[in-house]
Amino acid sequence: MSQHRLIPKNASRWLVWGLYAAALLVSPLVFTSSLSLTMLSQIGIGIIACLAFNMLLGQGGMLSFGHAVYSGLGSFFAIHALNWVSSGKLMLPVSLVPLVGGLFGLLFAVLLGYVTTKKAGTPFAMITLGVGELVAAMALMFPGFFGGEGGISGNRVAGRALLGISFGPQVQLCYLIAVYCFVCTALMFAFTRTPLGRMLNAVRDNPERVEFIGYSTQHVRYLAFMASGLFMGIAGGLSALNFEIVTAEVVGAARSGAYLLFTFLGGALFFFGPIIGAVLMVLALVLLSELTQAWLLYLGLVFLFMVMYAPGGISSLIMMNLRLAAFGKLRQLWTSYLALAGLAGVMLVGAGAMIEMVYHLQLNQALGPQMRFMGATLNAKGFDSWFGAAFVLFTGAAMFELTRREFVRQWGRVQGEIEQTIKQREAAA
Amino acid sequence: MDASYFLISLLNGLSVGLLLFMLASGLTLIFSMMGVLNFAHASFYMLGAYVAYTITQLLGFWWGLLLAPPIVGLAGAAFERFALRRVHKFGHVPELLITFGLSYILLEVVQLVWGRQALNFLPPESLRGPLFTIVELPSPGGLSLAFGEPPPACQAVAGASCTQFPSFRAFGMGMAVLMLVSVWLLFTRTRIGLVIQAALTHPEAAEALGHNVPRVFMMVFGGGTALAGLAGVIGGALRVTEPSMALAVGAVVFAVIVIGGMGSLAGAFVASVLLGVLDSFAVGSDRSLADLFGALNLAVTPATFGYAVWSVKISQVAAILPYLLLVLILIFRPKGLFGTREG
Amino acid sequence: MKFRNRLFGLPVAASLALVSGIAFAQAGETVKIAFIDPLSGPFANIGQNQLKSWQFTADQFGKNAAGVKFEFVPFDNKGSPQESLNNLKAAIDQGIRYVVQGNGSGAAAAISDAVSKHNERNPGKEVLYLNYAAVDPALTNERCSYWHFRLDADTSMKMEALTSYMKDQADVKKVYLINQNYAHGQQVSRYFKETMARKRPDVQIVGDDLHALGQVKDFAPFVAKIKASGADSVLTGNWGQDLTLLIKAAKDAGLNVNFYTYYASTSGVPTAMAAGVGGKVRMVAYSHNGVPGVVVKWQDEFKKKFNDDWYTHATYNGVAMLVEGMAKAKSSDPVKVAAALEGIKFKGFQGEVEMRKADHQLQQGLYISEWRKADAKNPYSVENTGFNFQQVKAIEPYVASTPTSCQMKRP
């Protein structure tokens with residue numbers, strides 16, 4: 001007699017993917033202002049780009065400093081294709097124009113990847129840096145194709161509108177991007193499950209062994225590079241549709257740096273890390289700079305501390321705590337977490353006040369020394385403001401350190417308990 | 001190409017190459033020692049220029065030259081001790097990434113402390129004029145060297161071509177050679193140099209013999225960044241001291257060490273001088289691929305497909321020649337010119 | 001009787017009040033204008049300076065003929081065209097209907113296109129765009145837009161003015177062109193060759209170099225090349241570090257030629273030039289430090305208030321034009337104001353100027369100025385160097401004017 005299961009075996013997987021699809025569908029309905037819709041579109045594009053970047057970084061151990069080249073070139077070819085569609089030279093629905101971007105992203109990955117993937121590790125990073133600089137410099141030199149400083153612009157309301165969808169309103173484009181995002185995420189996840197994806201992980205962990213069992217590491221890396229280029233190109237094509245203009249900045253070093261920074265911040269070790277990274281990327285680059293002029297400094301500091309204390313990124317922190325929750329140990333630690341978070345907040349307020357005052361003195365001295373910080377009025381030239389901020393920072397730091405030591409003890413104890421439980425389960429099985 | 005133009009181009013190329021070498025040497029040292037590619041190396045270069053500027057305003061240029069490199073070296077050592085050391089155990093990629101983050105932070109801090117404007121950092125009075133002038137007079141022909149300011153014949157004789165070679169440039173070249181010699185002496189003749197060489201290839205054995213290898217690492221990192229700071233003092237006074245100076249020179253330095261071969265000091269020297277001289281002479285050439293095709297009797301006109309690419313002159317690509325060479329070297333000789341270590 | 005008169009008077013009075021209310025609907029109104037330019041990153045000091053310039057100008061205009069007050073709302077685009085589009089959306093969300101921008105023709109093109117598309121897709125929520133410094137000629141030629149108005153003179157106008165000065169200079173016989181290899185530099189080179197061939201075909205162009213933008217760290221090889229060519233004048237559209245390093249290298253090598261530039265007054269270049277220049281440095285621009293009237297008065301006030309130089313004189317023209325336009329249209333609605341601004345003539349800081357209807361390019365006089373030591377007649381000190389830009393020649397608007405190929409689509 002067969003056993004019927006009430007819940008299918010891979011229920012959690014259905015749940016996660018279902019939630020993801022639901023989030024993609026519902027968010028344009030919740031956040032409806034013009035800025036929010038364009039940010040949602042950019043988040044969707046960023047997710048595809050960061051996941052494609054992580055194919056190399058997290059899954060292949062290849063650090064690329066010039067990856068914006070592939071998404072940027074995809075953007076340029078996509079906008080040219082869009083202009084051809086507008087003038088009738090190309091019969092292609094606007095919704096398929098990003099695929100043109102993907103095609104050319106793939107093509108350039110094939111061309112440039114051969115040279116780039118000859119080496120691994122640090123030389124690979126240097127080569128990508130050089131190639132990135134080369135393409136960025138050339139983008140300005142050939143205005144015929146790259147449009148010079150003004151770039152190339154296009155109009156996504158082109159061709160026939162199917163079912164009344166002309167892609168003029170931003171919300172329609174948002175949903176198109178949501179569809180692409182879901183499909184590409186699924187494809188890239190599937191890639192990690194293929195033999196090529198697994199060999200890529202093997203190349204990352206132990207290239208010598210891979211050679212021994214008969215695979216060519218260079219070949220594997222080259223194929224992964226091509227796959228990454230394809231999805232970067234699709235992201236670039238969607239970006240061309242979203243902004244309707246492509247300028248030389250899309251192949252620039254700043255864009256490559258942003259991909260790297262935020263993919264790492266989200267976490268390169270887990271598949272969903274770059275998704276978190278992409279959301280952070282758009283929020284930071286669009287909103288943070290409106291909140292504070294010191295945003296670049298904050299970004300650098302956050303990155304520094306992340307590399308030092310949590311090199312797996314935010315996703316690794318989440319997974320660690322999920323593991324705790326699975327073993328029921330989370331409730332033992334939540335008071336420590338709360339204390340740590342509160343004190344970290346206090347330290348941030350102190351440090352933030354000092355940094356903001358310095359920036360205010362430097363950039364806004366015309367407006368006088370008074371400034372507003374989190375609802376309080378500070379005098380950037382007054383000793384008491386500085387003393388207050390420093391006091392807050394140092395007391396916060398001292399108490400944070402004390403709490404942290406206690407937390408490390410508790411963490412060690414909990415991890416020990418978990419290890420014991422696992423051993424017991426293995427012994428019983 | 002006339003003789004004076006050739007000579008001055010050669011001298012310019014050498015001076016640029018040697019300045020590039022000062023930067024590349026620190027980077028190579030750190031890399032061959034610790035396997036860490038210091039992405040923030042150009043930021044320490046920038047820091048050196050700014051610190052030297054401040055000291056120059058207070059005490060004079062010579063004190064700036066003397067004090068700025070050690071200060072930058074201390075900053076580098078502090079970074080190694082408190083941040084980089086923690087990341088060693090995670091592998092090479094996080095090490096590279098932490099220096100990447102540092103480059104952002106250093107840029108913001110420099111802009112905070114010194115502002116975003118370009119600073120007026122000038123060489124000292126004694127080094128401001130020309131060291132010598134290459135005089136080419138039409139009538140007797142040939143070249144002659146006049147030390148100091150250009151002779152009156154330059155203005156008086158029509159058709160005279162006089163080019164000055166600034167003293168500060170020559171000083172920079174001298175500093176680079178001096179630095180090369182002293183580093184070589186340090187490594188091969190002093191005890192600490194031998195310890196460093198040993199820790200380079202056999203860190204565990206060196207540690208087993210009782211040497212404090214982590215402290216050696218810290219000193220090497222500090223030393224490498226001090227060299228970058230020294231390059232910054234020269235470069236900042238020679239060129240412009242402003243926040244974008246790190247970006248301008250950073251990428252080329254990485255191209256230099258890959259071309260020269262990662263981990264090889266001799267390779268870095270040859271590659272930097274080669275790139276400097278090549279850049280200098282490339283600017284003088286207005287040939288393009290279209291000319292090459294023309295010489296092969298293949299007509300290339302503005303109507304030909306891809307004319308924009310064929311008509312690009314060598315002088316236009318002179319600044320991105322390092323990256324082109326990088327790609328070529330990787331196709332034909334992936335180890336680099338003198339490469340030993342696989343990175 | 002009295003009762004009826006009063007009742008009769010009331011509606012008349014009411015309608016009169018209503019009419020006059022509509023006529024001065026904008027009186028006492030605050031019109032918000034979005035300022036979209038880099039406020040962080042490498043160009044932050046330029047962007048901050050320009051924001052202060054706009055705010056200062058708005059304060060100086062205070063209550064004006066149109067009865068409005070202007071408030072500038074800053075948005076940081078970090079120099080990125082795509083970020084500018086985000087800023088534009090944010091501004092539109094906040095109900096702002098005017099935009100000013102100038103740093104970078106890439107961002108300008110993006111904003112101009114986006115504004116056109118937005119106005120087409122959202123009637124009733126139109127936005128107007130004032131471009132105060134982006135000089136790519138395409139913005140008033142093949143990419144012209146009804147909603148875009150340019151206050152700076154474009155590259156072709158500046159070249160027209162510069163060459164009309166250079167053709168009269170006897171010491172200009174061999175010119176060397178050196179520019180940055182991107183749209184702006186390529187245009188400078190092309191326009192010079194075209195216009196000089198027309199005005200003085202005997203002038204020899206002994207060199208035409210295009211170098212990678214922002215990548216050249218050492219201009220000594222270029223200076224050597226210039227020397228070898230025997231040029232007596234160098235013409236360059238370079239800005240920022242590319243211009244500073246070029247001038248420094250020329251001085252170091254003892255190259256005593258005259259420089260004809262576009263951007264010698266941009267941040268950082270005056271400080272480098274204060275150390276000494278080989279020959280003379282001349283600049284073509286829509287203003288200089290000695291223009292009588294508004295300029296000499298306001299630049300001192302600005303310096304006293306902010307300890308910074310007021311060099312974006314286009315802010316005066318921008319606000320003056322808006323005031324004139326709103327008074328003429330009797331409204332602050334961008335649709336009516338745009339119609340009023342086409343072809344409008346008003347008094348700018350340099351005299352009477354006209355916003356040409358055909359392409360929305362401000363027709364104004366240009367100046368050739370020279371970098372000289374400050375004296376009693378011209379006491380202003382740029383970047384506290386003790387030098388300033390003094391007029392050598394004033395070019396009339398009709399001389400500086402260039403034709404346009406704009407096929408403007410009007411709504």
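How many residues of chain A are in contact with how many residues of chain B? I will come to the answer in a moment, after a word on conventions. What you see is a predicted model, in which local features need pLDDT of at least 70 and side-chain atom pairs count only at pLDDT 80 or more, while totals for chains, interfaces and linings use all residues. Residues are numbered from 1 along each chain as its sequence is written, and chains are lettered from A and ligands numbered from 1 in the order in which they are written.

Now to the interface between chains A and B. Here 34 residues of chain A are in contact with 34 residues of chain B, where two residues are in contact if their C-beta atoms, placed from the backbone, lie within 7 Å. On the chain A side, the elements that give two or more residues are α5 (121-141), α13 (295-309) and α15 (330-363) of chain A, and the largest share, 13 residues, comes from α5(A). Helices (H or I, at least four residues) and strands (E, at least two) are DSSP runs, numbered from the N terminus. By class, that side of chain A has 24 nonpolar, seven polar and three charged residues; Ala, Val, Leu, Ile, Met, Phe, Trp, Tyr, Cys and Pro count as nonpolar, Asp, Glu, Lys and Arg as charged, and the others, Gly among them, as polar.

Within chain A, the domain assignment gives domain 1 (11-317) and domain 2 (328-428), with bounds that come from an automatic or database domain assignment. The centres of these two domains of chain A, taken over C-alpha atoms, are separated by 33 Å, and their contact takes four residues from domain 1 and four residues from domain 2.

Staying with chain A, helix α2 (residues 34-57) and helix α12 (residues 273-291) pack at an angle of about 135 degrees, with their axes 8 Å apart; axes are lines fitted to C-alpha atoms, for helices over the stretch in contact, and angles run from 0 to 180 degrees between N-to-C directions. That angle makes α2(A) oblique to α12(A), given that angles under 35 degrees count as roughly parallel, over 145 as roughly antiparallel, 65 to 115 as roughly perpendicular and the rest as oblique. The crossing of α2(A) and α12(A) is right-handed, and a crossing is called left-handed if the near helix is turned anticlockwise from the far one by less than a right angle, and right-handed if clockwise. The residues of this contact divide into 13 nonpolar, five polar and no charged.

Turning to chain B, the axes of helix α10 (residues 245-260) and helix α15 (residues 321-332) come within 9 Å and cross at roughly 30 degrees, which makes α10(B) roughly parallel to α15(B). This crossing of α10(B) and α15(B) is left-handed. In α10(B), V252(B), A255(B), V256(B), V258(B) and I259(B) meet P322(B), Y323(B), L325(B), L326(B) and I329(B) in α15(B), so that by class the contact has ten nonpolar, no polar and no charged residues.

Chain B also holds an open sheet of three strands, in the order β2-β1-β3, with antiparallel pairing; two strands pair if DSSP finds at least two bridges between them. The edge strands are β2 (143-147) and β3 (161-166) of chain B, each pairing on one side only. Five bridges join β1 (residues 130-136) of chain B to β2(B), and T133(B) stands opposite A146(B) in β2(B). Helix α6 (residues 167-189) of chain B packs on this sheet, touching β1 and β3 of chain B, and its direction makes about 50 degrees with that of β3(B).

On to the interface with chain C, where 34 residues of chain B are in contact with 31 residues of chain C. Among the elements that each supply at least two residues of the chain B side are α1 (3-34), β3 and α10 of chain B, and by class that side has 17 nonpolar, twelve polar and five charged residues.

Finally, chain C contains an open sheet of seven strands in the order β7-β6-β8-β9-β10-β14-β15, with mixed pairing. At its edges stand β7 (204-211) and β15 (387-395) of chain C, each with a single partner strand, so one side of each is left without a neighbour in the sheet. Four bridges join the antiparallel strands β10 (residues 281-285) and β14 (residues 366-373) of chain C, and the bridge partner of M283(C) in β14(C) is S369(C).
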